[in-house]
Amino acid sequence: VAQPLFERELRESVNRGVNAAVLSQLTDTNNIVVSATGDALADLRAGLQAAAPSNGYVVAASTAVTIDLSTRTENRGGMGVRGGTFVSGVEVVAVDNLSGLRIIPASRLAVLDGGMQVRSTGHASVDMRDSPESPAQLVSLWQTNSVGLLAERTFHLEAAADADMVVVGG
C-alpha cells in the first residue's frame with residue numbers, strides 16, 4: 001500500500017532535482033539580469049521584455065512569486081499555486097529554493113528527454129551506511145521483506161547562442 005506513495009514522492013523529488021539541474025546548466029555569465037520591483041507581475045513583465053524573442057517561455061519562480069501570480073486576475077491560463085500556464089505561451093514552474101524569477105526562451109532550446117523510469121526490486125542486496133564514510137552493512141531486501149526503488153531521469157539540453165536566461169531579482 002505504501003509503495004505507490006513512495007514512488008510518487010520519489011518521482012516528484014527527481015523532477016525537482018531535474019528542474020534544479022536545468023537552471024544550473026542555463027546559469028552562466030551571459031545571463032541578463034533585471035532588478036526586481038517587488039511586484040511579481042511587474043517582475044514577470046520586465047523579465048519577458050528583456051528575454052530573447054521566443055514562441056514560448058518557461059518561468060522558474062520562487063514559491064511566493066508563483067502563489068502571487070496564481071491569484072492575479074491576469075492569470076488567464078488557470079495556473080495553480082505550484083505553477084502551470086499563466087497565459088498562452090508562458091509556463092510557470094514553482095522552484096522552492098529559488099529567489100525571484102528565471103525567464104527561459106523555450107523555443108531557443110532543444111531538449112532530448114529520455115523520460116523517467118521507476119523500478120522496484122525485492123531481490124537485491126543493498127549497502128547501507130549512515131554516511132559515505134561509515135562502515136557498510138550489507139542488507140538483503142529479500143531476507144528483510146523490503147523493496148528497493150530506483151528512479152532514473154535522463155535529459156540532454158542544448159541552447160542556441162542567443163538563448164540567454166533572464167534573472168529577475170535573486
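User: Which strands does helix α2 lie across?
Analyst: Helix α2 (residues 40-50) lies across β1, β2 (57-61), β3, β4 (90-94), β5 (101-105) and β10. Helix α2 runs at about 35° to β5. Axes here are lines fitted to C-alpha atoms, for helices over the stretch in contact, with angles from 0 to 180 degrees between N-to-C directions; contact means heavy atoms within 4.5 Å. Helices (H or I, at least four residues) and strands (E, at least two) are DSSP runs, numbered from the N terminus.

User: What kind of model is this, and how are residues numbered?
Analyst: This is a predicted model, in which local features need pLDDT of at least 70 and side-chain atom pairs count only at pLDDT 80 or more, while totals for chains, interfaces and linings use all residues. Residues are numbered from 1 along each chain as its sequence is written, and side-chain values use heavy atoms, with hydrogens and water left out.

User: Back to the strands. In what order do they form the sheet?
Analyst: The open sheet has six strands in the order β1-β10-β5-β2-β4-β3, and the pairing is mixed. Two strands pair if DSSP finds at least two bridges between them.

User: Why is one side of β1 and of β3 left without a neighbour in the sheet?
Analyst: β1 (32-34) and β3 (83-87) stand at the edges and each has a single partner strand, so one side of each has no neighbour in the sheet. From one strand to the next, the twist averages 20°.

User: In which sense do β1 and β10 pair?
Analyst: β1 and strand β10 (residues 166-168) pair in the parallel sense, over three bridges. I32 has V166 in β10 as its bridge partner.

User: Changing topic: how many salt bridges are there?
Analyst: The count comes to seven, where a salt bridge is a side-chain nitrogen of Lys or Arg within 4 Å of a carboxyl oxygen of Asp or Glu.

User: Which residues are linked in a network?
Analyst: R8, E9 and E12 are linked by salt bridges in a network. The side chain of R8 meets that of E9 at 3.3 Å, N to O, and that of E12 at 3.8 Å, N to O. Both R8 and E12 lie in helix α1 (residues 2-26), four residues apart, about one turn of the helix.
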